[in-house]
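Hi there,

Here is the structure I promised to pass on to you. Have a look at it first, and my notes follow below.

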Amino acid sequence: GIARSTMLPMKDDMPARSGPLEKKGQLWSAWRQRFFVLKEGEISYFRENQGVPAGKIELGPGWRVIAWSFITHPFAFVLRPPQPTQREFMLAAKTEEMRDMWMSGQ
């Protein structure tokens, strides 16, 4: 269920952050560990030992971050775009503290 929802800050307000998270796949819906980097309003994610991002999420006005919980991933959160036609991303941290850090931008 949804615990809370906040608006993501605009690009200039976002601090740099990096670390491992799990991402739920769009087509196969399996959870896979990726290394994420947040920099200047963009989240890049990488597979193991790759210098080229496997994907990028460009955060802009109206994006929301929503705490979510699955039985297998209790510290998940959703990045929801402003338009329903845009892809949303389901991510999960290993701990509540790590999830809250990614959600708060601190």
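What percentage of the 106 residues in the protein chain is made up of buried residues? The share is 36%, where buried means under 20% relative accessible area, exposed over 50% and partly exposed in between (1.4 Å probe, protein chains only).

Before the rest, a word on conventions. This is a predicted model, in which local features need pLDDT of at least 70 and side-chain atom pairs count only at pLDDT 80 or more, while totals for chains, interfaces and linings use all residues. Residues are numbered from 1 along each chain as its sequence is written, and side-chain values use heavy atoms, with hydrogens and water left out.

**Fold.** The protein chain has eight strands and one helix, in the order β-β-β-β-β-β-β-β-α from the N terminus. These are DSSP runs numbered from the N terminus (helices: H or I, at least four residues; strands: E, at least two). Of the contacts (heavy atoms within 4.5 Å) with a separation of 6 or more, 42% are between residues 24 or more positions apart.

**Cores.** The largest nonpolar core has 17 residues, and Leu21, Phe36, Ile43, Ile57, Phe77 and Leu79 have the most contacts inside it. Two or more of its residues come from each of strands E3 (31–39), E4, E6 (64–68), E7 (76–80) and E8 (89–92) and helix H1 (96–104). Another core, of six residues, lies apart from it and includes Trp31, Ile66, Ala76 and Ala92. By nonpolar core I mean a set of buried Ala, Val, Leu, Ile, Met, Phe, Trp, Tyr and Cys residues joined through side-chain atoms within 4.5 Å.

Leaving out residues up to four places away in sequence, Ile57 touches Gly41, Glu42, Ile43, Tyr45, Trp63, Leu79 and Phe89.

**Ser44.** This residue sits in strand E4 (residues 42–46) and is buried, with a relative accessible area of 10%. With the sequence neighbours up to four places away not counted, Ser44 touches Phe35, Phe36, Val37, Pro53, Gly55 and Lys56.

**Surface.** The accessible surface of the protein chain (Shrake-Rupley method, 1.4 Å probe; for residues, only the protein chains shown count as cover) comes to about 6,600 Å², and carbon and sulfur atoms hold 52% of that.

I hope this is a handy start. Happy to talk it through!

Best wishes
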